[in-house]
Amino acid sequence: MYIKKQRLLTPGPTPLYPPALHAMMRSDMHHRTEDFRKVYRACLADLKEVMGTSNDLLMFAASGTGAMDASVSNLFSKGDKVIVCVAGKFGERWADIAKAYGLDANVISVPYGQVVKPEQVAAALQAEPATKGVFVQASETSTGSMHDVEAMGRAIAKTDAIFVVDAITGLGTMPLDIDGWGLDVVIGGSQKAFMVPPGLAFMSVSPKAWKLGETSNLPHYYFNLKKEKKSGDAGESSWTPATAMILALGEALVYVKQIGMAHLIKNAQMLAQATRAAAGKLGLEIFSAASPGSSVTAITAPAGMDSGVIVKEFRSRFGSIIANGQGSMKGQIFRIAHLGYFDFADLFAMIACLEIILNANGHPVQYGTGVAAAQEVYAQAAVKSLK
Ligand SMILES: *Cc1c(COP(=O)(O)O)cnc(C)c1O
């Protein structure tokens with residue numbers, strides 16, 4: 001029996017930033033006091049700053065899906081025509097939410113591993129000028145793909161439709177010029193690049209989105225954007241907040257500001273690049289080769305090998321939890337995460353573990369081949385840019 005440290009290496013929840021965990025211990029604090037208001041105000045302001053937007057910023061005690069739900073129930077009306085881009089499990093979630101609230105959704109679906117093209121969105125907008133909104137994932141975590149939200153935003157900005165972007169794993173892994181690209185609603189969650197546990201969802205809301213919301217007739221109560229905006233302006237949340245989580249997020253945001261959002265993104269991008277290089281040398285295919293994102297790299301298991309074996313052996317041999325494929329991709333792919341509190345040392349070790357697992361399961365590789373490819377990427381670029 002050897003020591004096996006438990007390591008959480010999934011694309012959400014992600015590895016936790018230790019000072020943020022320590023901050024949670026200060027949660028013997030009442031939420032209607034100046035002490036708390038100070039923390040809450042700082043959290044909202046820092047989120048706005050790292051997201052780089054002048055739009056309003058709202059926060060909820062919920063997982064990311066809570067904010068997705070809120071964006072539909074507060075801004076749209078029954079029967080509204082919308083376009084939903086579906087490139088994976090999270091795109092399917094948008095379609096489900098739209099359906100649950102009785103929107104008239106034109107679902108643009110592409111096979112898993114591919115992405116919806118901006119031209120497809122532009123064409124659908126042209127075909128239906130009454131479209132009120134377009135929904136997409138900036139980063140589709142289930143397939144490891146990313147969408148060209150900049151080009152989509154350009155097409156949507158010319159119309160009356162608002163652009164609702166699930167950036168839950170996009171934030172901190174890809175540049176998102178929220179104001180410049182016309183991203184009217186941008187949704188994030190605490191357990192992804194923000195390095196803290198699950199439990200907080202947040203979203204930015206543009207003036208164009210608020211305007212559409214004025215005519216919304218869908219039922220909602222707990223998730224009330226207008227009420228939350230008013231409360232936030234007063235340094236409070238509408239209901240009892242997740243105080244411990246807000247303390248944690250506040251601490252993590254200090255760190256993100258310190259390293260800089262651009263560097264957090266660069267960090268994920270470098271890890272993703274190194275992972276793709278390693279996978280190539282190990283004879284493995286990138287599942288989302290058409291448009292690979294940097295939040296997570298989805299790798300196809302070698303022919304004849306169930307990806308569940310790789311996931312299971314990461315756990316049993318090395319104590320590490322990595323992600324399998326979701327839905328019908330289960331058994332086909334495994335996913336290596338890069339978002340948030342991941343570093344090169346994590347990645348080198350992960351690839352070394354992967355080489356051992358591949359060798360033990362009928363996909364022979366020369367030890368060190370993948371690790372060397374990742375080291376090479378680090379040596380070429382990261383040494384300069386990440387110091
Ligand atoms: C994690 C994630 C979500 C939110 O899932 P929750 O379980 O509600 O936090 C939504 N979209 C994407 C792309 C995600 O990665």
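Visitor: How far apart do the C-alpha centres of domain 1 and domain 2 lie?
Guide: Happy to start there, keeping in mind that this is a predicted model. Domain 1 takes in residues 7-13 + 261-386, while domain 2 runs over 18-259. Between their C-alpha centres the separation is 27 Å.

Visitor: How much area do domain 1 and domain 2 bury between them?
Guide: Let's begin with who touches whom: 28 residues of domain 1 are in contact with 28 residues of domain 2. Of the area buried between the two domains, 67% is on carbon and sulfur atoms. The buried total is about 2,400 Å².

Visitor: Which residues of domain 1 lose the most area to domain 2?
Guide: Three residues stand out on that side, and together they make up 25% of what it buries. They are Met261, Leu264 and Tyr341.

Visitor: How many residue pairs are in polar contact between domain 1 and domain 2?
Guide: Salt bridges can be set aside, as their count between the two domains is zero. Polar contacts are another matter, counted with both residues at pLDDT 80 or more. Their number is seven residue pairs.

Visitor: Which element gives the largest share of the side of domain 1 that touches domain 2?
Guide: The elements giving two or more residues to this side are strand E12 (296-300), strand E15 (333-337) and helix H10 (261-281). The largest share is six residues, and it comes from H10.

Technical notes
Residues are numbered from 1 along each chain as its sequence is written. This is a predicted model: local features need pLDDT of at least 70, side-chain atom pairs count only at pLDDT 80 or more; totals for chains, interfaces and linings use all residues. Side-chain values use heavy atoms; hydrogens and water are left out. Domain bounds come from an automatic or database domain assignment. Contact means heavy atoms within 4.5 Å. Buried area is the accessible area (1.4 Å probe) that two parts lose on being put together, summed over both. A salt bridge is a side-chain nitrogen of Lys or Arg within 4 Å of a carboxyl oxygen of Asp or Glu. A polar contact is a pair of N or O atoms within 3.5 Å; within protein, one must be able to donate a hydrogen and the other to accept it, and residues adjacent in sequence count only if both atoms are side-chain atoms. Helices (H or I, at least four residues) and strands (E, at least two) are DSSP runs, numbered from the N terminus.
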